[in-house]
Amino acid sequence: MKLTKRTFVIGSLGGLAMLGLPADLRAQQAGGGTLVIGSTQVPRHFNGAVQSGIATALPSTQIFASPLRFDDNWNPQPYLAKSWEVAPDGLSITLKLVDDAVFHDGKPVTSEDVAFSIMTIKANHPFKTMLAAVDKVETPDPKTAVIKLSHPHPALLLAMSPALMPILPKHVYGDGQDVKSHPANLKPVGSGPYKLAEYKQGEYYTLEKFDKFFIPGRPKLDKIVVRLISDPNALMVSAERGEVHAVPFVTGVRDIDRLEKSKNLKVVDKGFAGLGALNWLAFNTKKKPLDDVRVRQAIAYAANRDFIVNKLMGGKAMPSTGPIAPGSPLEEKNVQLYKFDVAKANKLLDEAGLKPDGNGVRATLTIDYLPGSDEQQRNVAEYMRSALKRVGLNLEVRAAPDFPTWAQRVSNFDFDLTMDSVYNWADPVIGVDRTYLTSNIRKGIIWSNTQQYSNPKVDEILGKAAVETSPEKRKALYSEFQKIVVDEVPVFFINAVPFHNAFANGLGGLPTTIWGVVSPLDELHWVTPPKT
């Protein structure tokens with residue numbers, strides 16, 4: 001195929017080198033064996049086309065293949081699509097599919113499956129902006145899919161990642177049943193490196209090697225067993241004993257320290273840049289006195305971010321200073337940092353007219369927090385209570401018994417301040433814009449613009465950035481956006497969630513791309529098999 005400036009054909013040297021190997025040598029290099037993963041994340045089902053979150057993404061990215069995958073430098077790599085070409089006007093992307101990909105039931109993967117999947121995701125996935133620009137997908141031949149757009153959509157390549165665009169078999173899901181409740185969600189048929197062999201709800205699921213996977217020599221493991229262990233301490237014990245060989249998405253400071261001390265484990269903090277998980281303090285900007293930007297700024301100055309990150313989180317977390325996560329190529333570092341300054345906080349509160357009463361109290365507010373994560377959420381909320389007391393703000397910590405209770409309060413704007421954890425999902429169009437667009441103030445919808453923040457200038461900038469195809473101009477737009485949002489403080493940014501993965505020392509091919517373990521684990525293998 002003739003290449004243009006906008007055509008990409010990228011190959012893995014390792015994968016290409018294996019193409020010429022005889023089958024017996026490829027099998028020998030594959031290594032085999034079983035990997036046991038321990039996780040507290042229980043999936044509702046296995047279909048990432050209609051469900052976000054890492055609980056679903058971990059199995060979905062093994063079972064289903066996607067058009068593209070990404071390396072650790074944010075570069076797209078071929079997967080189901082061996083090449084892709086962006087039209088000069090940015091209004092279409094043409095995918096050329098690999099020739100030999102088949103689903104687990106032996107049916108070939110065609111452009112019809114790609115078209116069906118993209119439109120299904122557009123209609124059903126909770127990230128509405130992710131594929132909003134897609135008008136239709138044309139299929140001129142079985143191996144060519146042409147995605148037609150209503151406007152340029154520079155986030156689309158990232159949206160083709162395994163965690164966001166699993167390609168479903170049309171012959172299974174196109175039977176007229178509701179895809180969100182389709183029986184195949186619990187008995188999936190994909191074209192990824194592993195197929196679901198068994199699922200015992202709430203206990204474990206087993207993934208077995210797909211012998212007809214389209215990348216020669218992969219996957220390298222015979223089987224992956226994911227044990228679902230609800231008790232975090234029991235999970236740590238299982239890892240220390242070697243009963244599980246990998247523990248993904250560890251965030252607890254004590255747990256990370258504990259795993260790092262184990263002689264049998266390697267703990268890594270790479271593989272999370274695509275998720276862009278941020279821990280922050282959100283304000284209800286429509287409730288007095290928080291509708292005054294000076295009050296929100298005062299709270300930011302009174303909160304000692306350095307203390308939270310270095311002491312409460314043991315130095316395991318990276319500070320976050322804006323709406324785009326550290327590690328993203330779009331992050332703007334030159335923003336207002338709100339360095340700890342009690343005098344400045346008091347001055348701003350005075351200017352806002354919040355005078356102390358006889359007891360030194362300027363106002364009484366409530367802070368909520370996302371249940372289930374003490375170190376990132378509850379402990380920070382408790383710290384904020386003591387931090388704001390020194391500037392005359394009485395903060396009452398309100399616990400929620402469960403996630404639905406918290407989500408109902410926050411999504412219905414029944415809060416003053418709340419701790420929260422929200423993901424970027426690689427590109428602002430996918431996971432950032434939702435928090436700041438006026439049009440996304442949607443009562444009853446959690447992780448929308450629950451702060452009720454509204455700035456026409458921000459709306460305009462985000463609208464331009466969403467369609468800007470020049471990387472330099474797009475970065476400049478997002479830089480301006482970040483500076484405005486940080487100045488106006490609908491959210492006080494605290495830290496990147498300190499995700500870590502623990503792997504047995506005998507494992508090679510560790511997943512350290514921007515998507516980590518929510519991408520195909522087809523290169524993960526045993527260098528030194530575990531003792532049984």
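Predicted model: local features only at pLDDT ≥ 70, side-chain atom pairs only at ≥ 80, totals over all residues.

Ring pairs tie Phe127, Phe249, Phe272, Tyr423, Trp425, Phe499 and Trp515 together.

Next I looked up the total for ring pairs, and the count is 22. I picked one of them, phenylalanine 403 with tryptophan 406: the ring centres are 5.9 Å apart and the planes sit at 40°. Stacked pairs need planes under 30 degrees apart and edge-to-face pairs over 60, so this pair goes down as tilted.

Where do phenylalanine 403 and tryptophan 406 lie? Both are in helix 13 (residues 403-411), three residues apart, or about one turn of the helix. Residues three or four places apart on an α-helix point the same way, because there are 3.6 residues a turn.

I then checked each partner: buried or exposed? Tryptophan 406 has a relative accessible area of 0%, so I wrote it down as buried. Phenylalanine 403 comes out at 35%, so that one is partly exposed.

I stayed with helix 13 for a bit. Its buried residues are Trp406, Ala407, Arg409, Val410 and Ser411. They pack against strand 16 (363-368), strand 17 (393-398) and strand 18 (417-423). Just past the end of helix 13, I noted that phenylalanine 413 has a positive phi of about 65°.

One more ring to log: tyrosine 79 has arginine 69 over its face, 4.8 Å from the ring centre.

Then the cores. The largest nonpolar core has 90 residues, and Leu95 and Leu275 have the most contacts inside it. Helix 4 (residues 111-124) gives this core its largest share, five residues. A second, separate core holds 66 residues, including Leu330, Leu354, Leu417 and Ile461.

What does leucine 95 touch, leaving aside its neighbours within four places in sequence? I found Pro67, Ala81, Ser83, Trp84, Val114, Lys143, Thr144, Ala145, Ile147 and Met160.

Last, the whole chain. I count 16 helices and 22 strands. The C-alpha atoms fill a box of roughly 85 × 55 × 40 Å along the principal axes. A compact globule of 532 residues would have a radius of gyration near 24 Å, and the chain agrees with 24 Å. Buried residues are 57% of the 532. Of the contacts between residues at least 6 apart in sequence, 70% join residues at least 24 apart.

Conventions. Residues numbered from 1 in each chain as written. Heavy atoms only, no water. Core = buried A, V, L, I, M, F, W, Y, C linked by side-chain atoms within 4.5 Å. Buried < 20%, exposed > 50% of the residue type's maximum accessible area, 1.4 Å probe, protein only. Helix = DSSP H or I, 4+ residues; strand = E, 2+ residues; numbered from the N terminus. Contact = heavy atoms within 4.5 Å. Phe/Tyr/Trp six-rings, centres within 6.5 Å; stacked < 30°, edge-to-face > 60°. Lys NZ or Arg CZ within 6 Å of the ring centre and 35° of its normal. Rg over C-alpha atoms; globule rule 2.2 N^0.38 Å.
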